[in-house]
Amino acid sequence: MRILVLGAAGFIGSNLVRRCLRDPANRVVALDFLDPRLQSSLASLADVMSAIEFVRGDIRDEALIGDLVDGQDVIFNCAAQTSHSFAMSDPLFDADVNCLGNLRLLEALRARDPERRTVVVYTSSSTAVGPVDGRPIDETHLERPLDIYSANKCAAEKYYRIYHHVHDVKTVVLRFANVYGPHGKASPAFGFVNYFIQLAFKGEDITVYGGGEQRRNVLFVGDAVEILYRSAFDSRLIGTLHFAVHDEHLPVREIAHSIVSVFGRGRVAHVDWPQARRRIEIVDQFIAARGLQELTGWRPQCSFEQGLVETKRIMDAD
Ligand SMILES: NC(=O)c1ccc[n+]([C@@H]2O[C@H](COP(=O)([O-])OP(=O)(O)OC[C@H]3O[C@@H](n4cnc5c(N)ncnc54)[C@H](O)[C@@H]3O)[C@@H](O)[C@H]2O)c1
C-alpha cells in the first residue's frame, strides 16, 4: 500500500506512521510543515526516519499536495492547528489550516484521482458537538461548538461528506477525544492528558482547574491509530462519520491522580478556573462509540491504567 500521512510529526501522526510501518509491504510518505507555533519536531519520528520518505511542506501548498496525493492508496489527514486557545487568539490562521487546508486536499483528490482509488481518512474532534444535552451522546447529537478550532473541525467534517456525496471521493471521518500516549506535547495548549503526563514524567505537580469533576472520554493513542489504520481498509466506513472513543469516562481529577500514581512522581494541586478558559469549557462530555463498534466490532484494547503503563514504558525507553 502507498500511504500518505499528513501532520506526520504530530502526536497522532507520528504514532500512526509507526502503525503503518508494522506492515512491511507499506510505503509511507510523511508530510509536516513543522511550524514552531504548533510545537512539533522531527524528534517524534527520529527512530523511523530511515523507513519513510519525509517531506517538509504545507497542506495548503496546492502544487505540492497535488503531486503528493497522486497514486496514493490511503491518505490520513492528521495535519491541523490543534490548540483551542491558539485558535481563539488567531482564528484566521486556524481557519486557513483547518478549513482551507482540508478543502485544498479534497480538491487535489478530485482533480488527481479521477478513478476514486484513494481513501482519505480525516481525524476530527469530539469537541465539534460542544456542550452535551444528555448522556451518553452519539453522532446524532446537535453541534454547537464553543471555540474556533472546534467550529472549523466541524466545518471540515462537512467538506468530507460533501466531497463523498457529490464527487464520490472515498472519505472516512473519525472523531476523537482526549487521546494520550508517547510523543504527546508538553504544553497545556495541546490537550490536557498529555500535558499532565509530561508534568508527571518530569516530576512536576499537576494543576487541575476547580474541583476537576468534569468527565472526559480518554483513549490510548495505540487504540486510536489502530482504528484509524483499520478504517482505511473497511469499505463499510466510506462516506461515514463516527466517534472513535473509549467507553471509559473519567473525572479530570481522577485522570490526574492516576497519572501521578502510575508515574510515581509529582502531586495534584487545584486552582480556580481562569476566566478565558472557563468560557470555552464544555463541562461534562460522555460520548458513546456504539455506531463504530456495531459496524466494525472495534473495541479499544487498553484501559486508562494500561495505556498509562504502556506510555511510561515507552517514555522511559526513549
Ligand atoms: N490528540 C487528541 O486528543 C485529538 C482529539 C481530537 C481530534 N484530534 C485531531 O487529530 C489530529 C492530530 O492531532 P494531534 O493531537 O496529533 O495534534 P498535533 O498538533 O500533535 O499534530 C498536528 C500536526 O499537523 C502539523 N500541521 C499543522 N498544520 C499543517 C499544515 N498546514 N501543513 C502540514 N502540517 C501541518 C503540525 O505541525 C503537527 O505536527 C488533528 O486533526 C486533531 O484535530 C486530536
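**Figure 1. The end of helix H5 (residues 148-167) in a predicted model.** H5 is followed by Asp168, which has a positive phi near 60°. Residue numbers start from 1 along each chain as its sequence is written. The model is predicted: local features need pLDDT of at least 70, side-chain atom pairs count only at pLDDT 80 or more, and totals for chains, interfaces and linings use all residues. Helices (H or I, at least four residues) and strands (E, at least two) are DSSP runs, numbered from the N terminus. The 20 residues of H5 should span 28 Å at 1.5 Å a residue, and this agrees with the 28 Å between its end C-alpha atoms; the expected span is 1.5 Å times one less than the number of residues.

**Figure 2. Packing of H4 (91-112) on H5.** The two axes cross at roughly 15° and come within 9 Å, so H4 is roughly parallel to H5. Axes are lines fitted to C-alpha atoms, for helices over the stretch in contact, with angles from 0 to 180 degrees between N-to-C directions; angles under 35 degrees count as roughly parallel, over 145 as roughly antiparallel, 65 to 115 as roughly perpendicular and the rest as oblique. The crossing of H4 and H5 is right-handed (the near helix is turned clockwise from the far one by less than a right angle). Contact residues (C-beta atoms, placed from the backbone, within 7 Å) include Asp94, Asn98 and Arg110 of H4 and Tyr149, Lys153 and His167 of H5. By class, this contact has 11 nonpolar, 4 polar and 3 charged residues. Ala, Val, Leu, Ile, Met, Phe, Trp, Tyr, Cys and Pro count as nonpolar, Asp, Glu, Lys and Arg as charged, and the others, Gly among them, as polar.

**Figure 3. Packing of H6 (residues 192-201) on H8 (residues 252-263)****.** The axes of H6 and H8 are 9 Å apart, at an angle of about 35°, and the crossing is right-handed. Val193, Phe196, Ile197, Ala200 and Phe201 of H6 meet Ile255, Ala256, Ile259, Val260 and Phe263 of H8. The contact of H6 with H8 has 10 nonpolar residues, with no polar and no charged ones.

**Figure 4. Crossing of H1 (11-21) and H7 (residues 221-231).** The axes of H1 and H7 cross at roughly 65° and come within 9 Å; this crossing, too, is right-handed. Among the residues in contact are Phe11, Asn15 and Arg19 of H1 and Val225, Glu226 and Tyr229 of H7. They divide, as a whole, into 9 nonpolar, 1 polar and 2 charged.

**Figure 5. The shell around the ligand.** Of 33 residues around the ligand, Gly7, Gly10, Ser40, Ala80 and Thr123 come nearest (near: C-beta atom, placed from the backbone, within 6 Å). H1 gives the most to this shell, with 3 residues. The shell divides into 16 nonpolar, 11 polar and 6 charged residues.

Terms used. Contact = placed C-beta atoms within 7 Å.
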